[in-house]
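Trainee: I am new to this structure and would be grateful for a close look at its aromatic residues. Please describe how they are arranged and define the terms as you go.

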Amino acid sequence: MTLLVPFDGSALAEAALRRAREFADYRDEAVVALTVVPEDESFATDRGWIEPGEPYDPEAICTEFELRVGEIDADATFRCEHPPPSEHPTATTIDNVTQTIRSVAAELDVSIIFVGSENAGRVSMPVTSVGGPLSTDAKYDVHIVRRTE
């Protein structure tokens, strides 16, 4: 089986990757760190991937995160996906990112997703988190990492 870690470069995503490695070593499972980089420049700016007005290069983001993942867990497999624009007129970038994570999880037959999120699973979920929508899917277990230590 495989453990999947959506990786956006945040401190909580880094903590989720470390926790996934600990769990993987215990259960002898593979770890895949997945970065989803949409074409939406404002998404990248909101997450601090680029500064406002800085040129947006999705491939450079993938390369940067691949290096960071390797520094945290040299044994993890890194994967970067670029979601296509949704055909659904009301879909948001978060919807597209979440759908991409779900698709990869299904493809890899993931047993657990390790999500770094301060607010996933709470009664009130912000629309900027993929943690909430992923935590409702019964196809896999979800380990929510809310602390970096």
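Mentor: The account below concerns the aromatic pairs and their surroundings. The model is predicted, so local features need pLDDT of at least 70 and side-chain atom pairs count only at pLDDT 80 or more, while totals for chains, interfaces and linings use all residues. Residues are numbered from 1 along each chain as its sequence is written, and side-chain values use heavy atoms, with hydrogens and water left out.

The structure holds four aromatic pairs. Rings of Phe, Tyr and Trp (its six-membered ring) pair if their centres lie within 6.5 Å; planes under 30 degrees apart count as stacked, over 60 as edge-to-face and the rest as tilted. Phe7 and Phe65 are edge-to-face because their ring planes stand at 85°, with the centres 5.7 Å apart. Phe7 lies in the loop between strand 1 (2-6) and helix 1 (11-27), and Phe65 in helix 3 (residues 58-72), so this pair ties together parts that are 58 residues apart in sequence. Here helices (H or I, at least four residues) and strands (E, at least two) are DSSP runs, numbered from the N terminus. Both Phe7 and Phe65 are buried, where buried means under 20% relative accessible area, exposed over 50% and partly exposed in between (1.4 Å probe, protein chains only).

Phe43 and Trp49 form another edge-to-face pair, at 5.6 Å centre to centre and 80° between the planes. Phe43 is buried, with a relative accessible area of 6%, and Trp49 is buried at 10%. Together, Phe7, Phe43, Trp49 and Phe65 form one aromatic cluster.
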